[in-house]
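Please look over the sequence and the model before reading on. The paragraphs below go from conventions to backbone geometry, then to a helix and finally to the ligand.

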Amino acid sequence: MRVDVFTIFPEYLTGALDASLLGRARAAGVLDVRVHDPRRFATDPHRSVDDTPYGGGAGMVLRPEPLFAAVEAADPPRPLILLSPAGPRLDQARVRALADTPGFSLLCGRYEGVDERVVEHLCDEELSIGDYVLAGGEAAALVVIEAVSRLAPGVLGNESSAEHESFTTGLLEEPQYTRPAEFRGWAVPAVLRSGDHARIARWGRAQALRRTVQRRPDLLAGRTLAPDEVALLEETDD
Ligand code: JD2
């Protein structure tokens, strides 16, 4: 999978792209991330990428010329997605759809955003990662790349683990434990140490259901509980 990123702060991305899952995927050749700095395409003596907004107002706006030049020189994979608080919110369905493509590109704004002609005539769509305001698109780009990459073929060590997880099953995950069996007097639930795999699976499903009902009932809104799920919920005590 190829992902091209356009940012005036390329160093913002480099540490994250080299670390952990993304670093391994890139080293293995499964993920090809190319970071482009529009400042390299600025033509004026000061290499300026921003200017004051027409009509007045606070802050600066990214100029169209260096952004168009950087994108046209790279000929990046489409769709070219503009990270913006004005876009539709990213969810796991969009993440899966992007993971099913050979690639896509991300354009990061800064300051008050980008010139609207970039939105209308250069980018294909907009995307927001959530209802809060960032200082620019770079952190959002990393969120998109990480969420999509872990679903891309060959990236996760365990292919099955991405499949039956929360937002895929539509439920939150059950709690997880590791050794020691008792830590500061707090024991791991006995069922998990019983070796009875059918009971363990049943406990996990009951926990996942109960947590979802209690913490994220919105996730269940468009989903009817199956009769066996209702039974599981009713037989759980607390
Ligand atoms: C960005 C800014 C608009 C004031 C470029 C913010 C985002 N979920 C999200 N929250 N914020 C962003 C985001 C993305 C790009 C830019 N700003 C700052 N924008 C009004 C300040 C500039 C996403 N994706």
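Buried means under 20% relative accessible area, exposed means over 50%, and partly exposed lies in between, with a 1.4 Å probe and protein chains only. This is a predicted model, in which local features need pLDDT of at least 70 and side-chain atom pairs count only at pLDDT 80 or more, while totals for chains, interfaces and linings use all residues. Residues are numbered from 1 along each chain as its sequence is written, and side-chain values use heavy atoms, with hydrogens and water left out.

The chain is divided into domain 1 (2-149) and domain 2 (164-234), with bounds that come from an automatic or database domain assignment. The C-alpha centres of domain 1 and domain 2 lie 37 Å apart.

Most residues other than glycine have a negative phi, and most peptide bonds are trans. Arg47, however, has a positive phi near 50 degrees; this residue lies in the loop between S2 and strand S3 (50-51), where helices (H or I, at least four residues) and strands (E, at least two) are DSSP runs numbered from the N terminus. Because its relative accessibility is 42%, Arg47 counts as partly exposed. Ser20, placed in helix H2 (residues 20-27), also has a positive phi, of about 50 degrees, and at 54% relative accessibility Ser20 counts as exposed.

Two peptide bonds are cis: that from Arg78 to Pro79, with omega near 10 degrees, and that from Arg179 to Pro180, with omega near 5 degrees. Pro79 lies in the loop between H3 and S5, whereas Pro180 lies in the loop between helix H6 (138-149) and strand S8 (182-183).

Helix H3 (residues 64-74) has as its buried residues Pro64, Pro66, Leu67, Phe68, Ala70, Val71 and Ala74. These buried residues pack against strands S1 (2-6), S2 (32-36), S4 (61-62), S5 (80-83) and S6 (103-107), and against helix H5 (116-121), contact meaning heavy atoms within 4.5 Å. Just after H3, Asp75 takes a positive phi of about 45 degrees.

Which residues come nearest to the ligand? Of the 17 residues around the ligand, they are Ser84, Ser128, Gly130, Tyr132 and Leu134, a residue being near if one of its heavy atoms lies within 4 Å. A polar backbone atom of Gly130 is 2.9 Å from a nitrogen atom of the ligand, and for Ser84 a polar backbone atom is 3.3 Å from a ligand nitrogen. Taken alone the ligand exposes 520 Å², of which the protein buries 85%, with accessible areas from the Shrake-Rupley method and a 1.4 Å probe.

Technical notes. Polar contact = N/O pair within 3.5 Å; in protein donor to acceptor, adjacent residues only side chain to side chain.
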